[in-house]
Amino acid sequence: ETSLVVVADLPGVNKEDIDVNVEKSILTLKAKPTQRLTENLARQEYQLLPFYRQFQLSEAVDQSGISAEMKYGVLTIHLPKVKEQQPRKIEVSVTQ
């Protein structure tokens, strides 16, 4: 594994209303839905509310390489590992 992935379902949230930042090894996600249901509803199963989460990042995450993408209401954040932390294969040599 060369990276970690954070996935957040954010229905009703536009790209402009998402704030993803890293400060002092803390990843913060903020989102505010802008779409509101204006019809007369017989039943409403959920409400679109602001979203706020924070994650403590370890030293194994390369904070300068973090990227995020939004597709169909799903935010995906890629957290690459630093090169020293990535697994690598060690060749075994045979000596005689």
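Helices (H or I, at least four residues) and strands (E, at least two) are DSSP runs, numbered from the N terminus. This is a predicted model, in which local features need pLDDT of at least 70, side-chain atom pairs count only at pLDDT 80 or more, and totals for chains, interfaces and linings use all residues. Residues are numbered from 1 along each chain as its sequence is written, and side-chain values use heavy atoms, with hydrogens and water left out.

Q: In what order do the elements of the chain run from the N terminus on?
A: The chain has zero helices and six strands. From the N terminus on, the order is therefore written with strands, as defined by DSSP runs. It reads β-β-β-β-β-β.

Q: Is Thr 76 buried or exposed?
A: Thr 76 lies in strand β6. Buried means under 20% relative accessible area, exposed over 50%, and partly exposed in between (1.4 Å probe, protein chains only). Because its relative accessibility is 15%, Thr 76 counts as buried.

Q: Which residues does Thr 76 touch, not counting residues up to four places away in sequence?
A: Contact means heavy atoms within 4.5 Å. With that cut-off, Thr 76 touches Val 5, Val 6, Val 7, Ser 67, Ala 68 and Glu 69.

Q: Where is Lys 24 found?
A: Most residues other than glycine have a negative phi. Lys 24 is not a glycine, yet has a positive phi of about 55 degrees. Lys 24 is exposed, with a relative accessible area of 74%. Its place is the loop between β2 (18-23) and β3 (26-31).

Q: What is the relative accessible area of Tyr 72?
A: Tyr 72 is in the loop between β5 (67-71) and β6 (74-80). Tyr 72 has a positive phi of about 55 degrees although it is not a glycine. Tyr 72 is exposed, and its relative accessible area is 76%.
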